Amino acid sequence: MSGLLTRTTIATMTALLLGLATGAMGATQTVPFSLNGSGALLNSPVVFQGTIDSGPMSPGLFVIQIDDAGWPLDDPGTPGNERWNYLLTNFFTYDNTTGGQHWDGYFPKQGTLLPPVTWRFGKNGDRLGGVIRYLIITIRDSDADGMVDQDELANQMVAANFQCHVEQSGGAYDGWCGIGSANGNLEDFDPNMDDLLTISVGNLYLRNVSCAVHADEKTWGALKQMYR
Amino acid sequence: MKKTAIAVVAVVVALTFGSISAWAQVPSHMVFDVGGTFNFMESPVFIDGSVTAGEPLLLGGYWNILVDDTGWPGDSDKQARWDYLSASYYEPNYDPDSGTWTATFDENTTASSPQWSCGRTGIGKMTGTATLQMTVIDMDADGELDTDERSFIVFSGTLIVVKNGEGVFAGYCGLGSYSGSSENLHPEEFADDVFTGSNILDIEDCSVPNENVSWGHVKAKYAR
């Protein structure tokens, strides 16, 4: 099935590219991946990192970082966790569907671009990177009490749409950009330890034409040229 | 003759209950692939998929998400419906740095949470709610969502399994996540999108209250 998907995807992407690339011939490729790593929203900085376990970027390393500027740290002198309360209030919403009570969290905040969630894949000299929008984290309220209990954090679900920026691609992927999607879970068994992040399935759909340069890079490039 | 009939019935009964018993082994972690079609230009918005590989209990079964389109223009004027969808879900969620739009469909953005169901006839059914996000590329980087840019979409989301399943899944609850991509060869005609994806589910028997399960674990621990 995945072979059929890949062929169809390549055909569609190529057709799309040929239609839009103003005459330039483009190529596409699919980069499947799975990830295993650790990190925690309660850490500062918020960094999830680990290994790329399948696909052409394996064995490689990944880093997913959420900009936590402005997030409070926990005050160990108080009974509650100020950082967790801040996250729950600002990024999660409660769905009170009977029998399916849960929280959905969006990073960046839903409807915004902040805080940025960035990602990097690396294997030897090959590099891919960009932003994630959105990283969705779902926590089931198994006892439907409206409170996040520790056992409810033991298995959270995650889903992510990836944006691959050309200026962060390198090595075998130099000049490539694209989008992707992935899903998995996040396990938090102990609040004093990092969570375990597993991305079971992910795919990046890359192209080597119509890769507009990141706006910040454009600005910086223009500034550098001005002062040269 | 009578003995033979009784023996045949006994064998049939044994096979029947034997097979049910075998099917009743519901794994706590399930991984499977899905594929199918959807069309947000038609009401109701029904992501109509089937399980194409993976978990034997679900293989050949169905996998669906129903997105609540209450308040959207009807499907008789597809252009008007697309304009609404674009203006309400995609355009406010443009990322100029990435050249992408990401629309989200969940309890915050639709009249009610998307409804998810999965199962297989003769085996059982699971239902619940879902989040769904879909990303489209701005290929010509003009900030306008052009018709041909709707040709390719990536999507992902999370799932909640509510304890109202049927068959072998009766009493089970849990959660899951999925991701994939879709293609549309004729977006200008508002044709169906064809999608493929992957899904994981972590479920448990919730017919026993949590307290009892916990107490059972505690007793088992100290009974050694």
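How many bridges join β9(B) to β10(B)? The two strands run antiparallel and are joined by 10 bridges; the legends below describe this pairing and other parts of the predicted model. Residues are numbered from 1 along each chain as its sequence is written, while chains are lettered from A and ligands numbered from 1 in the order in which they are written. Because this is a predicted model, local features need pLDDT of at least 70 and side-chain atom pairs count only at pLDDT 80 or more, whereas totals for chains, interfaces and linings use all residues.

Figure 1. Of the 228 residues in chain A, 39% are buried; a residue is buried if 20 or more other C-beta atoms lie within 10 Å of its own, exposed if 12 or fewer, and partly exposed in between, with C-beta atoms placed from the backbone. Among contacts in chain A between residues at least 6 apart in sequence, 56% join residues at least 24 apart, a contact being two residues whose C-beta atoms, placed from the backbone, lie within 7 Å. The average pLDDT of chain A is 87, and 82% of the residues score at least 70; pLDDT is the predictor's confidence in each residue, from 0 to 100. Over residues 18-23 of chain A the pLDDT is below 50, and this stretch has eight contacts in the model beyond near neighbours in sequence. Residues 216-228 of chain A also have pLDDT under 50, with three contacts beyond four places in sequence. Where pLDDT is low, the predicted coordinates should not be read in detail.

**Figure 2. Strand β9(B) and its partners.** Of the 16 residues of β9(B), 13 are buried, so the strand is largely enclosed by the rest of the structure. Strands pair if DSSP finds at least two bridges between them. β7(B) runs antiparallel to β9(B) and is joined to it by six bridges, with Ala130(B) opposite Leu159(B) in β9(B). β8(B) also pairs with β9(B) in the antiparallel sense, over four bridges; here Met134(B) stands opposite Phe155(B). Towards β10(B), Leu159(B) stands opposite Gly176(B). The hairpin of β9(B) and β10(B) has four residues between the strands, and Gly171(B) takes a positive phi near 90° there.

**Figure 3. The largest nonpolar core.** This core has 92 residues; a nonpolar core is a set of buried Ala, Val, Leu, Ile, Met, Phe, Trp, Tyr and Cys residues joined through C-beta atoms within 7 Å. The residues with the most contacts inside the core are Ile132(A), Leu135(A), Val158(A), Phe162(A) and Val161(B). Not counting residues up to four places away in sequence, Val161(B) touches several residues of chain B, including Met126(B), Tyr172(B), Leu175(B), Leu201(B) and Ile203(B).

**Figure 4. The contact between chains A and B.** Chain B contributes 54 residues to the contact and chain A contributes 53 residues. Among the elements giving two or more residues to the side of chain B are β1 (29-38), β2 (45-54) and β11 (193-205) of chain B. β9(B) gives the most to this side, with 10 residues. The residues on the side of chain B divide into 16 nonpolar, 28 polar and 10 charged (Ala, Val, Leu, Ile, Met, Phe, Trp, Tyr, Cys and Pro count as nonpolar, Asp, Glu, Lys and Arg as charged, and the others, Gly among them, as polar).

**Figure 5. Asn108(B) and its contacts with chain A.** Asn108(B) lies in the loop between β5 and β6 (115-120) of chain B. It counts as partly exposed because it has 14 C-beta neighbours inside 10 Å. Asn108(B) touches Thr93(A) and Gln110(A), not counting residues up to four places away in sequence.

**Figure 6. Backbone features of chain A.** The peptide bond from Ser44(A) to Pro45(A) is cis, with omega near 0°; Pro45(A) lies in the loop between β1 (28-39) and β2 (46-54) of chain A. Another cis peptide bond joins Arg133(A) and Tyr134(A), with omega about 5°, and Tyr134(A) belongs to strand β7 (residues 126-140) of chain A. Asn124(A), a residue other than glycine, has a positive phi near 55° and counts as exposed, with 10 C-beta neighbours inside 10 Å.
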